Amino acid sequence: MPRPKKSPALVRFGVSIPGELIRAFDRYLDEREYRNRSEAIRDLIRERLVEQEWELEAEGREVIGTITYVYDHHRRELVDAILEIQHHFPEEVVASQHVHLDHHNCLEVAIVKGGAAALRRLADKLRALKGIKHCQLTMTTTGASLT
Ligand code: NI
């Protein structure tokens, strides 16, 4: 994506969003009494950037965490792809738990342990799979540095 050399104070850009997603987003705006979408999007971007700073802070440290993801189990190739990715991280994936949410959706929680960078790579690979509806990595320390 081309970037201007010097960013103007305010930038407008167009975004394509599935109807269902924007309707859910508008309900989110109503509940939080946002006056417009721009304000809410700015907040979400800031929130994510702060989270990313925390993640970078943890980089290189041994951390433990969970990766939670929801996906459509009718996509057989997706199930294979998830397993394939997990097998590339045998040291990191300690255990995983599978829950059949409803006729279409499965929820999985993987308990993961290792370097923060490796865990992020693993979560990023899962998130990037088509058909994964939601993927959230939560990291905490093992407490080793506190003893
Ligand atoms: Ni299932």
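Tutor: Helix α3, residues 76-87, has 12 residues and reaches 17 Å from its first C-alpha to its last, close to the 16 Å expected at 1.5 Å a residue. The expected span is 1.5 Å times one less than the number of residues. Helices (H or I, at least four residues) and strands (E, at least two) are DSSP runs, numbered from the N terminus. This is a predicted model, in which local features need pLDDT of at least 70 and side-chain atom pairs count only at pLDDT 80 or more, while totals for chains, interfaces and linings use all residues. Residues are numbered from 1 along each chain as its sequence is written, and side-chain values use heavy atoms, with hydrogens and water left out.

Student: Which residues in α3 are buried?

Tutor: Leu78, Ile82, Ile85 and Gln86 are buried in α3. Buried means under 20% relative accessible area, exposed over 50%, and partly exposed in between (1.4 Å probe, protein chains only).

Student: Why do they line one face of the helix?

Tutor: Seen down the axis of α3, the buried residues fall within an arc of 100 degrees, so they line one face. The arc is that of the directions from the helix axis to the C-beta atoms. The face turned away from the buried side carries the exposed residues Arg76, Glu77, Asp80 and His87.

Student: Where does UniProt place the "binding site"?

Tutor: The unreviewed UniProt entry places that feature at His87, His98, His100 and Cys106. UniProt positions are given in the numbering used here, feature names are shortened, and annotations may be inferred rather than shown by experiment.

Student: Where is histidine 98, then?

Tutor: Histidine 98 is in strand β2, residues 93-100, and histidine 100 is found in that strand as well. Histidine 98 is partly exposed, with a relative accessible area of 32%, whereas histidine 100 counts as exposed at 63%.

Student: What does histidine 98 contact?

Tutor: Leaving aside neighbours within four places in sequence, histidine 98 is in contact (heavy atoms within 4.5 Å) with Tyr71, Cys106, Leu107 and Glu108. On the same terms, histidine 100 touches Asn105 and Cys106. The side chains of histidine 98 and histidine 100 make a polar contact of 3.2 Å. A polar contact is a pair of N or O atoms within 3.5 Å; within protein, one must be able to donate a hydrogen and the other to accept it, and residues adjacent in sequence count only if both atoms are side-chain atoms.

Student: Changing topic, which residues are buried in α1?

Tutor: Ile22, Phe25 and Leu29 are buried in α1. They cover an arc of only 55 degrees around the axis, which puts them on the same side of α1.
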